[in-house]
Amino acid sequence: MRLDLHADVAELTAAVVDIESVSGAERALADAVEAALRPLPHLTVERDGDAVVARTGLGRAERVVIAGHLDTVPLNGNLPSRMEGDRLYGCGTTDMKSGLAVALRLAATVPEPSRDVTYVFYECEEVEADRNGLRRLASVRPELLEGDFAVLMEPTAGQIEGGCQGTVRVDVTATGARAHSARAWMGSNAIHAAGTILDVLRAYEPARPVVDGLEYHEGLNAVFIRGGVAGNVIPDECVVTVNYRFAPDKSLDKAVAYLRDLFAGFDVAVTDGAPAARPGLTHPAAAAFVAATGAPVRAKLGWTDVAQFAELGVPAVNYGPGEPTLAHTKDEYVEIPLIRECERRMRAWLTS
Ligand SMILES: N[C@@H](CCC[C@H](NC(=O)CCC(=O)O)C(=O)O)C(=O)O
């Protein structure tokens with residue numbers, strides 16, 4: 001499908017949403033983005049895997065990065081998109097194809113921005129950190145991500161969301177001994193033993209640390225559980241996968257140490273993790289963005305690639321039209337007026 005970057009931003013969002021791009025299957029969308037950007041004479045376009053990078057080269061004093069992921073979580077009977085009044089429904093409308101549409105419109109229609117711009121569209125953000133396309137770019141083509149400041153067009157409902165929470169997944173394993181279930185006293189039931197793990201999770205009180213003036217909200221949840229051998233066997237293993245979302249007052253190592261302590265007595269194996277990022281809103285480039293857009297500020301409670309930019313030494317914020325509490329839901333939608341407002345504010349910043 002061809003993307004018309006001069007179309008109305010709501011139509012462009014619908015067109016982007018209707019190119020299915022569940023993590024790992026972004027090729028068609030990456031091809032469409034590349035095909036739409038390549039003919040633009042003011043941009044140099046590069047492709048790496050399913051990441052597309054387009055840059056102005058005006059020799060401005062400052063370079064900013066505007067970035068967004070192409071992938072969505074799995075569909076839930078929510079494609080194709082549909083328009084109802086001021087709302088566009090469909091998988092990825094809020095997270096984060098409305099943000100992509102704004103970035104694409106800016107790339108096409110602001111040929112002479114006041115600061116040089118690098119637009120980055122990349123794959124596999126919604127999945128394990130080692131598949132993340134921005135992370136790959138940072139390792140194979142770090143020069144493409146150089147900049148003084150970055151804006152991730154993640155869902156923030158038109159507010160600026162500073163930093164991000166870290167995420168870590170661990171497999172917590174309860175062990176037992178197999179036996180015939182008719183003579184259960186000969187064994188030891190690992191699924192029953194896992195009750196202690198669930199008790200710890202139920203008793204958990206989320207911390208709400210304030211970091212650089214923004215309040216974060218941690219979370220600790222079981223996201224998978226597996227165990228059992230057969231209908232007549234006492235199970236010898238039960239594994240609870242736990243996802244801990246932690247505030248940017250903690251490093252990834254500190255978060256893992258906290259989990260090992262919490263589940264002392266059980267085997268705890270880290271399967272995936274990505275660090276948090278502090279808000280960094282006092283950095284002059286971030287402060288200038290806040291001032292130019294006039295958008296209100298709060299904490300980002302999901303994990304986003306501001307953390308990747310923080311590791312690269314590039315201050316970054318989240319700013320996009322989608323409502324974060326609708327991300328990953330069946331009835332995900334985006335408010336069209338918020339897409340327009342976001343485009344207007346970004347355009348004002350890039351032309352001020
Ligand atoms: N490697 C991470 C990726 C998680 C990415 C995901 N981010 C968002 O949903 C951002 C949008 C929002 O703030 O709602 C997340 O936080 O799960 C992982 O696998 O955990």
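Rings of Phe, Tyr and Trp (its six-membered ring) pair here if their centres lie within 6.5 Å; planes under 30 degrees apart count as stacked, over 60 as edge-to-face and the rest as tilted. You're looking at a predicted model, where local features need pLDDT of at least 70, side-chain atom pairs count only at pLDDT 80 or more, and totals for chains, interfaces and linings use all residues. Numbering runs from 1 along each chain as its sequence is written, and side-chain values use heavy atoms, with hydrogens and water left out.

Start by selecting F149, F289, Y319 and W349: ring pairs link them into a cluster. By the ring rule, the count comes to 7 aromatic pairs. Zoom in on F149 and F289, a tilted pair with 5.6 Å centre to centre and 50° between the planes. F149 sits in strand β7 (residues 149–152) and F289 in helix α8 (residues 284–293), 140 residues apart. Helices (H or I, at least four residues) and strands (E, at least two) are DSSP runs, numbered from the N terminus.

Buried or exposed, F149? F149 is buried, with a relative accessible area of 1%, and F289 is buried too, at 0%. Buried means under 20% relative accessible area, with a 1.4 Å probe and protein chains only.

Next, select R82 and Y89. R82 lies over the face of Y89, 4.3 Å from the ring centre; the rule asks for NZ of Lys or CZ of Arg within 6 Å of the ring centre and within 35 degrees of the ring normal.

Now zoom out. The protein has 10 helices and 19 strands, and its C-alpha trace spans about 75 × 40 × 40 Å along the principal axes. Of its 352 residues, 52% count as buried.

Note on methods
Buried < 20%, exposed > 50% of the residue type's maximum accessible area, 1.4 Å probe, protein only.
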